[in-house]
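Could you walk me through this structure in the viewer, stop by stop? I would like to know what to select next and what I will find there.

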Amino acid sequence: MTHSMLFDAHLCTGCRGCQVACKQWNDLEANTTKNTGSYQNPPRLSANTWLTMRFKEIEEGDKVKFVFGRYSCMHCEEPACATACPLQALHKTKDGPVLYRADRCFGCRYCMLACPFEVPTFEWSQNEVQGPWIRKCTFCYDRLQNGREPACAQTCVSGALKYGEREELLAYAKERIAKYPDIYQQHVYGEEEAGGTSVLYISHVPFEHLGLPTKLGNKAVSARAQDAMFATPIAAVGLAAGLTGFYWVVKRRREMAQKSGSKDQRG
Amino acid sequence: MARAADGKPISTVERPWLDFNELPFRTTRPPIALVVLLLLTLLAAGIFIVRLATGWGLVTNLNDNYGWGLWKGFNTLVGIALGASGFTTAFAVYVLGGEKYRPFARMAVLVGILGYMSSVFSLLIDLGHPERIVFPIIYWNAESPLFEVAWCVMLYMTVMIFEFTPAVFERFGLKRAETVVHQMVIPLVIGGTVLSTLHQSSLGSLFLNVPDQLDKLWYTPLLPLFFFMSAVYVGPAMVIVVATMASKALSRKLESDLLATLAKALPVLLGIYLFARVAELAGARELGLLFEGTRSSAIYWLEMSIGVIIPMVLLAFKAVRDNTSLRFVASLMVVLGLMLNRVDVSIVSWARPHDAASYIPHPLEFGFTIGLWAGLALVFYVAAKYLPLFPPAHGAASE
Ligand code: SF4
Ligand code: SF4
Ligand code: SF4
């Protein structure tokens with residue numbers, strides 16, 4: 001069983017019930033925010049906000065469309081954050097969620113740089129004793145383990161957010177976009193993006209309007225760095241052998257030169 | 001040089017450990033500079049304490065969009081890159097057979113140690129949990145570039161400290177210990193070169209993970225190669241800069257001829273690097289980006305002209321290489337250009353596509369950075385004064 005969610009932007013009403021449910025279940029404090037000229041609030045994820053809805057107005061002819069996109073951890077199949085983390089504090093569980101182990105993290109925040117979805121956040125205002133940690137959506141792992149669905153999915157009234165098994169949700173999503181070709185973009189976002197994600201999206205507007213990065217490609221984001229890392233041990237041994245050989249050649253030459261009567265090099 | 005004083009090299013074994021005539025306040029140099037360095041160091045220490053006690057809010061402008069700022073982008077990356085003078089010089093002297101550069105080997109290794117110290121101290125203030133800095137020894141993730149950097153840095157610091165011990169042993173007349181280290185020097189230098197090659201390039205791999213977030217002018221799959229190449233060319237530049245400054249501050253005779261010969265390497269190394277970077281942009285069909293007049297392209301031009309093109313052209317002339325001041329200025333440009341490059345890759349070119357909060361380092365972030373470097377300069381000064389940092393050259397380099 002791989003836990004998964006499907007977000008259907010066409011059905012979302014922008015009520016932000018999920019956003020509130022997430023805060024309630026996970027005991028996250030409210031943030032004081034400033035008006036940024038948009039209904040979207042807060043403007044991005046933070047240590048106290050693990051899920052926020054993106055609001056966007058788009059013009060279509062003379063009409064304006066209001067669209068909403070879920071912004072939270074994608075629980076990637078090949079998570080860039082986990083590859084990046086030097087201590088495996090972030091790691092992919094067998095059943096889907098990407099989880100965080102605070103007892104390993106030393107707070108380097110490389111995961112924040114590596115995540116292509118800008119998800120991990122940091123507790124900037126905690127001091128040494130309180131301990132600043134990385135915070136992000138846990139897929140409500142505590143609920144999953146007790147056979148319950150995530151708080152956000154349970155709250156969703158319009159059916160825009162569905163919880164289930166990845167293969168089943170994928171099949172359902174494909175069926176739905178095939179059934180309503182006039183409404184939906186003919187693509188399931190997350191099936192293959194960045195190596196695939198556990199949170200899938202279907203949408204009636206191009207996916208960039210939901211705030212999703214569309215140039216990720218289908219390979220894991222970290223593949224390139226992984227390739228480079230794989231080459232490391234080989235490079236190290238090769239280099240050491242090469243340099244040693246090189247040293248012997250230079251040394252031998254110098255000895256020859258010295259023998260043939262040139263001046264002593266040592267000081 | 002005006003202040004060549006008596007021209008004697010700074011090492012004698014008879015000197016007592018602390019000679020009060022030798023203390024900074026009695027030297028001919030105004031002590032003001034040292035007092036300023038000391039105050040700046042204290043400032044950095046103060047900022048460190050505030051950061052531990054209150055978190056990041058008061059002393060930095062870091063935010064969730066910019067998880068890494070000046071302390072990582074500048075101190076850590078630049079510190080390690082400038083510290084590369086340690087491995088390039090040691091390699092040149094002991095493996096390439098560049099015996100004549102031996103007078104600079106110890107100094108270069110010390111610069112290496114201090115450069116890496118800059119990284120370590122910045123990491124300490126920047127990490128969420130500095131007390132866990134050694135965790136990479138316990139928890140492994142061999143796929144992570146940062147993991148490799150952490151290991152290489154730890155190992156290479158150890159190597160450098162070993163490479164440097166002869167200076168300390170010599171100072172205290174520990175002949176036996178000196179001989180032991182001396183016999184290990186070749187494996188140490190080769191090991192150090194391997195480690196340096198690996199982690200200098202892995203620092204570039206750190207940014208391979210983020211193809212979308214970096215400006216195209218800087219992002220390339222070749223980042224590891226470029227980081228390595230620039231670490232190599234900044235080595236000689238750093239030796240020239242530090243040796244020249246040290247000779248001023250310590251009223252020490254400068255091996256001007258030797259530095260002039262060393263400077264010959266720079267136009268070649270810079271030329272190769274310039275070619276590689278332009279070829280990469282051309283290969284990716286992104287040369288056009290250079291002429292779009294955007295902020296990025298302006299900064300790119302600044303970086304390349306200050307750090308690569310102008311010093312390359314200048315140092316191609318013998319007259320420049322032979323002139324102490326001009327050679328110093330050109331090499332300093334190389335060093336500044338490298339600093340700019342690392343800041344460009346890690347901060348300037350960094351663009352979060354959405355929800356952008358901006359990041360301009362907090363004055364106290366600069367404060368800590370400056371204070372840290374001041375502290376390291378102070379350590380260098382003390383070491384240069386009390387340790388045989390510049391072993392006497394054989395065949396007396398002429399002034
Ligand atoms: S969305 Fe980001 S934080 Fe979440 S699993 Fe993927 S890479 Fe990790
Ligand atoms: S901040 Fe913690 S979880 Fe993130 S990469 Fe660093 S050690 Fe891993
Ligand atoms: S799965 Fe749980 S933690 Fe994640 S966004 Fe939903 S409610 Fe929040």
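Predicted model: local features only at pLDDT ≥ 70, side-chain atom pairs only at ≥ 80, totals over all residues.

Start by selecting residues 262–267 of chain A, where pLDDT stays under 50. For this stretch the model has nine contacts beyond four places in sequence. Chain A averages a pLDDT of 89, and 96% of the residues score at least 70.

Chain B has a mean pLDDT of 85, with 89% of its residues at 70 or more. Select residues 7–21 of chain B: pLDDT stays under 50 there, and the model has 20 contacts beyond four places in sequence for them. Then pick residues 23–27 of chain B, another run under 50, for which the model has eleven such contacts. For the model as a whole, the scores are ipTM 0.84 and pTM 0.87.

**Two backbone stops in chain A**

Go to A:Arg16, in the loop between strand S1 (3–8) and helix H1 of chain A. Look at the backbone here: phi of A:Arg16 is near 65°, a positive value in a residue other than glycine.

Next, select A:Asn41 and A:Pro42, which are joined by a cis peptide bond with omega at about -10°. A:Pro42 sits in the loop between helix H1 (17–25) and strand S2 (51–60) of chain A.

Show ligand 1 and the 13 residues around it; A:Cys73, A:Met74, A:Cys76, A:Cys81 and A:Cys115 come nearest. Colour this shell by class and you will find eleven nonpolar residues, one polar and one charged.

Move to ligand 2, which also has 13 residues around it. Which of them come nearest to ligand 2? They are A:Cys85, A:Cys105, A:Cys108, A:Arg109 and A:Cys111. The shell around ligand 2 divides into eleven nonpolar residues, one polar and one charged.

Ligand 3 has 14 residues around it, and the nearest are A:Cys22, A:Asn26, A:Cys137, A:Cys140 and A:Cys152. To see which elements give two or more residues to this shell, highlight strand S3 (63–72) and helix H5 (151–155) of chain A. By class, the residues around ligand 3 are ten nonpolar, three polar and one charged.

**Helix pairs in chain B**

Show side chains to see B:Ser85, B:Gly86, B:Thr89, B:Val93 and B:Tyr94 in H3(B) meet residues of H4(B), among them B:Arg102, B:Phe104 and B:Gly112. Seven nonpolar, four polar and one charged residues make up the contact of H3(B) with H4(B).

The crossing of H4(B) and H14(B) is right-handed. On the H4(B) side, the contact includes B:Met107, B:Leu110, B:Phe121 and B:Ile125, while H14(B) brings residues including B:Phe368, B:Trp373, B:Phe380 and B:Ala383. What classes do the residues of the contact of H4(B) with H14(B) divide into? There are 14 nonpolar, two polar and no charged residues.

For the last stop, select helix H7 (residues 175–205) and helix H8 (residues 223–249) of chain B, which pack at an angle of about 130° with their axes 7 Å apart. This angle makes H7(B) oblique to H8(B). H7(B) passes H8(B) in a right-handed crossing. Zoom in on the contact, where B:Thr197, B:Gln200, B:Ser201, B:Leu203, B:Gly204 and B:Ser205 in H7(B) meet B:Leu223, B:Pro224, B:Phe227, B:Phe228 and B:Ala231 in H8(B). The residues of this contact between H7(B) and H8(B) divide into six nonpolar, five polar and no charged.

Terms used: Residues numbered from 1 in each chain as written. Chains lettered and ligands numbered in written order. Heavy atoms only, no water. Near = heavy atom within 4 Å. Helix = DSSP H or I, 4+ residues; strand = E, 2+ residues; numbered from the N terminus. Nonpolar A, V, L, I, M, F, W, Y, C, P; charged D, E, K, R; others polar. Axes fitted to C-alpha atoms, helices over the stretch in contact; angles between N-to-C directions. Parallel < 35°, antiparallel > 145°, perpendicular 65-115°, else oblique. Left-handed = near helix turned anticlockwise from the far one by under 90°. Contact = heavy atoms within 4.5 Å. pLDDT = per-residue confidence, 0-100.
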